[in-house]
Amino acid sequence: MAHNGQHLPASQELEPDLPGFADDFSAVLEHTTGHRSTIGCVIPAYNEEESIGAVLQSLLEQTRVPDVIHVVVNNTTDATVKIASEFAGPHEITTDLGEQFTEVFVHDIGKNPDKKVGALNYGYALVEGYDYLLGVDGDTMADSRAVEYLETEAVSDSRIGGISAIYSIDDRPLKGLVAKFLIAGQRTQFAAFNLQNLLRGRNMAVLGGQFSIFSTTALRQVMSANHQSSPWVKDSEVEDSLLSLQIKSAGYLTKISPYARADVGGMTTLRGYDAQQVKWTYGSIELMWPGQRGDTKGQPFHPNLRLRWWENLGMLTNLFVRVAFLTLLAGSLSIGAFVFSPVWLIPPVIAVLLNLRIAYTMKNRNGRDIAFAGLMFPAEIFMWIRISHFLRSWTRFLSRKKVDNWAMQARAERGGGSAHWMPLVLLIAVIVAMSVIWSMLGPVVQSTILWVGWPVVGVVTVLQTLGMVFKLLRRHQGYKV
């Protein structure tokens, strides 16, 4: 749909106190032309009655309103359709960029076996004639200039196939200690991931479906190159990661905006967070693993997956160091061979400093973010939770057991399932078994294990600490996440 307003240069309203951003992006904003593109917004919605109204209101309050907004409701059992329908119809809006027009459509496609992927592809068919597709999750609220920033950069460079906003989670309405703890951890997790991508030339590894804009020209080339009838495929656990890889493989850039921001829905229960992370990690492993898994081809050397490999290597290192240290410590104490050294305090101190530096890069940081990073124990507990997701994902993948991770996540979000306790049960079983085995060993064998084990753990810990020091000293170029 056309819009009647003048598209003024975004540079007229740039935030003045953001030094250090990459010169290329500043130049884009300063030399914006009057080019007019069209944007079709697609919102896949599943049981989003608590947030869909705020999401639509957020889009209608954008300085650059999408030309059309399609809410595609699927498999819902709540009042999502009713609430979204209150926004249906044409809207004439006056913004800083002039008079704009948009229209909201609500589609209830009923029971859909392809879930979110089916809803996205349904929406794509409705907006494929537009220049850009703006994908928005049914629980994501964006800052008022997010669409404007995304469009401005996308229009400036035809090589760009997609741009993602910077994601965080609004923790103000939270209640309950567990929810506040989990959201603080997820905010830190988002911040670290966003910062890594910004510092890699703003090359985004994953164009998250939460709030990203895609060139429909790039999507058509992806479909043609991969013999697909739609951009998103149903046989991947991480449809957004796979599409990002395909866009990159088609010769386009996948970027993250340093300005556009959006708050996404976080997981406030351990059960829900576990199911989400296992699904994401499992799907990422499928993309990384060489060869073919079902209909998904592994691409271990794809540039968008380098960050994933480093993440998995980092989690493996974290697992080894923690388990080995605790095991050797318990063994040393059991035979009276424990000798404390102040040097052991260096790694946790560096970790706290690194967490604090990441916290201070958050644009909307608060006291809870600083406390989470500075007190060490919350971040350490959260790391053990993430390690459990890492182990469950790899175990499930290597077992080749076919499970519906989408269904398991939906069940967990409804309060069902108990798989998130399995790592704790296994940990207790391993501790008991190791204690029994240790007690059966002779003094000479026990001493030999400690003599060999401590240096190995020491070397790995030193290398891990050097990696943290490098990250701690790295320039952040003024970026705020």
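**Close-up 1. The lining of the largest cavity brings together nonpolar, polar and charged residues.** In this predicted model, the lining divides into 4 nonpolar, 3 polar and 3 charged residues. You can find them by name: K116, L120, G135, L207, G208, G209, F214, W232, E239 and D240. Two helices, helix 4 (115–127) and helix 8 (239–249), each provide at least two residues of this lining. The space inside comes to about 50 Å³. The count of cavities of 30 Å³ or more is 1. Rolling a probe the size of a water molecule over the atoms is what shows where empty space is left.

**Close-up 2. The second largest pocket is lined by 44 residues.** Its volume is about 1,400 Å³. To find your way in, look for W384, P423, L424, L426 and L427, the lining residues that lie nearest the centre of the pocket. Several helices give two or more residues to this lining: helix 6 (177–199), helix 9, helix 10 (306–334), helix 13, helix 15 (422–440) and helix 16 (443–473). Sorted by class, the lining of this pocket has 31 nonpolar, 9 polar and 4 charged residues.

The next views turn to pairs of helices. Two packed helices are described by the angle between their axes and the distance between the axes.

**Close-up 3. Helix 9 meets helix 13 in a right-handed crossing.** Helix 9 covers residues 270–288 and helix 13 covers residues 377–399. Their axes lie 8 Å apart and form an angle of about 50°, so the two helices are oblique to each other. On the helix 9 side, the contact is made by L270, Y273, D274, Q277, V278, T281, Y282, I285 and E286. Helix 13 answers with F382, I385, R386, H389, R392, S393, W394, R396 and F397. By class, this contact holds 9 nonpolar, 4 polar and 5 charged residues.

**Close-up 4. Helix 6 packs against helix 13 at an angle of about 80°.** The axes of this pair are 10 Å apart. With that angle, helix 6 and helix 13 are therefore roughly perpendicular to each other. From helix 6, look for F181, L182, G185, Q186 and Q189, which meet P378, I381, F382, I385 and R386 of helix 13. The contact between helix 6 and helix 13 is made up of 6 nonpolar, 3 polar and 1 charged residues.

**Close-up 5. Helix 10 and helix 16 form a left-handed crossing.** Here the axes are 10 Å apart, and the packing angle is about 145°. Helix 10 brings T317, N318, F320, V321, A324, F325, L328, L329, G331 and S332 to the contact. Facing them in helix 16 are I449, L450, G453, W454, V456, V457, V460, T461 and Q464. This contact has 12 nonpolar and 7 polar residues, and no charged residues.

Technical notes. Residues numbered from 1 in each chain as written. Predicted model: local features only at pLDDT ≥ 70, side-chain atom pairs only at ≥ 80, totals over all residues. Heavy atoms only, no water. Axes fitted to C-alpha atoms, helices over the stretch in contact; angles between N-to-C directions. Helix = DSSP H or I, 4+ residues; strand = E, 2+ residues; numbered from the N terminus. Parallel < 35°, antiparallel > 145°, perpendicular 65-115°, else oblique. Left-handed = near helix turned anticlockwise from the far one by under 90°. Contact = heavy atoms within 4.5 Å. Nonpolar A, V, L, I, M, F, W, Y, C, P; charged D, E, K, R; others polar. 1 Å grid on protein atoms, 1.4 Å probe; cavity = no way out; pocket = protein on both sides within 12 Å on 5 of 7 lines; lining within 4 Å. Points joined across faces, edges and corners; volume = space filled by probe spheres on them.
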